[in-house]
Amino acid sequence: MPPPPRPELPAPHRVVALLMPPQPAFPLACASEVFGDHGTAVPVRYAFRVCAERPGTVRTDAGYDLLVAAGLDALEGADTVLVPGWGPPAGGEVPPAVVAAVRRAHARGARVVGLCAGAFVPAAAGLLDGRRAATHGARAAELASRFPRVRVDPAVLYVDHGDVATSAGGAAGVDLCLHLVSADQGAGYAARLARRMVMPPHREGCQLQYAELPAAGPAADSLAPLLEWLGERLEQPLSVADMAARARVSPRTLTRRFGEQLGISPGRWLLDRRVAATRALLEETDLPVETIARRVGLSSAVNLRRRFHEALRTTPAAYRRAFRAEGARAAAGADAAAGS
């Protein structure tokens with residue numbers, strides 16, 4: 001009797017980074033760290049490669065060169081086109097061939113991502129017209145001036161429209177990449193990847209909290225100790241008054257600090273964390289919804305379902321089925337690969 005056919009390996013999500021000299025080294029490293037190969041520590045869900053308008057040597061801003069074998073035709077097979085930064089100086093134009101290739105990729109359904117000043121590329125392609133966008137704070141004014149139809153938001157860490165996403169400068173590129181992983185593969189997978197990178201899967205706040213403060217101005221009191229304390233007590237029925245008492249400030253002062261440092265209210269922050277914890281438990285455990293509700297501080301299955309649907313437009317049961325099915329496919333593929 002012939003052996004049963006092996007299940008097909010799930011196709012990895014193809015991420016192609018488009019490099020342009022002088023290529024910023026840090027955003028490229030961020031992208032490759034998130035979407036690259038992590039060996040046996042994390043299941044393979046992405047295939048990462050780089051390309052350039054002209055294959056060959058690509059100069060970086062870090063004093064070394066990269067040898068890039070693929071040209072713009074690599075974008076034709078990309079599920080995500082990622083622009084890791086924008087190295088040309090102020091006033092530099094995005095090459096017409098690059099604009100055309102990015103537009104074609106987007107038109108056939110590829111997601112286009114601009115990290116840091118990489119937002120200049122989707123902006124030049126017209127993909128951000130009439131939409132909010134993030135970029136490095138030092139180049140936000142230039143982006144707004146050159147592309148007046150783009151609604152540049154200098155405060156946020158990233159903006160995701162689904163088909164186009166942009167991030168602020170520096171480590172905000174990692175924030176956006178992990179956010180995209182969570183959207184593609186689930187919160188549990190993103191958390192596993194973040195642990196591998198020794199960083200949180202979701203960093204709180206906005207770009208404003210990292211801006212240089214005026215020399216005469218006092219630094220804002222950090223919310224970090226309070227956020228850590230709250231994260232360890234999601235199951236407890238905590239109110240804004242409880243949070244304020246822990247921080248030894250008035251509820252009004254606490255709400256103001258959340259707005260200044262995180263851009264959201266204390267209640268919204270706590271609810272977002274509870275929804276994130278719910279997602280991870282649905283993906284990684286068989287716990288009943290009622291038990292999960294108690295563990296994450298949402299009190300009841302009815303309340304959990306309502307809050308979950310408000311946040312994700314789906315039910316906990318449907319969410320769990322979707323990711324269990326994906327996990328089963330991935331496991332079958334891994335078993336098949338091991339046995340080959």
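Arg313 is exposed, with a relative accessible area of 61%; exposed means over 50% relative accessible area, buried under 20%, and partly exposed in between (1.4 Å probe, protein chains only). Arg313 lies in the loop between H12 and helix H13 (316-339), and its phi is near 60°, a positive value in a residue other than glycine. Most residues other than glycine have a negative phi, and most peptide bonds are trans. The model is predicted: local features need pLDDT of at least 70, side-chain atom pairs count only at pLDDT 80 or more, and totals for chains, interfaces and linings use all residues. Residues are numbered from 1 along each chain as its sequence is written, and side-chain values use heavy atoms, with hydrogens and water left out.

The protein chain as a whole has 13 helices and 10 strands; helices (H or I, at least four residues) and strands (E, at least two) are DSSP runs, numbered from the N terminus. Of its 340 residues, 45% are buried. The accessible surface comes to about 17000 Å², and 56% of this belongs to carbon and sulfur atoms; the areas come from the Shrake-Rupley method with a 1.4 Å probe, and for residues only the protein chains shown count as cover. Among contacts with a separation of 6 or more, 65% join residues 24 or more positions apart, where contact means heavy atoms within 4.5 Å.

Cys116 sits in the loop between strand S6 (111-115) and H3, and is buried, with a relative accessible area of 15%.

The loop between S1 and H1 contains Pro22, and the peptide bond from Pro21 to Pro22 is cis, with omega near -10°. Gln23 is placed in the loop between S1 and helix H1 (25-35) and is buried, with a relative accessible area of 0%. Leaving aside neighbours within four places in sequence, Gln23 is in contact with Leu18, Leu28, Val58, Arg59, Thr60, Asp61 and Pro84.

The interior may be described through its nonpolar cores, each a set of buried Ala, Val, Leu, Ile, Met, Phe, Trp, Tyr and Cys residues joined through side-chain atoms within 4.5 Å. The largest has 35 residues, of which Leu75, Val98, Val102 and Val121 touch the most other members. Two or more residues come from each of strand S1 (13-19), strand S5 (80-84), helix H2 (96-107), helix H3 (120-124) and helix H4 (140-146). H2 gives the largest share, five residues. Not counting residues up to four places away in sequence, Val121 touches Met20, Val83, Trp86, Val94, Val98 and Val102. A second, separate core of 29 residues includes Leu234, Leu262, Val289 and Leu304.

The axes of H10 and helix H12 (residues 301-312) come within 10 Å and cross at roughly 100°, which makes H10 roughly perpendicular to H12. Axes are lines fitted to C-alpha atoms, for helices over the stretch in contact, and angles run from 0 to 180 degrees between N-to-C directions; 65 to 115 degrees counts as roughly perpendicular, under 35 as roughly parallel, over 145 as roughly antiparallel and the rest as oblique. In this contact, Leu271, Val275, Thr278, Arg279 and Leu282 of H10 meet Leu304, Arg307, Phe308, Ala311 and Leu312 of H12.
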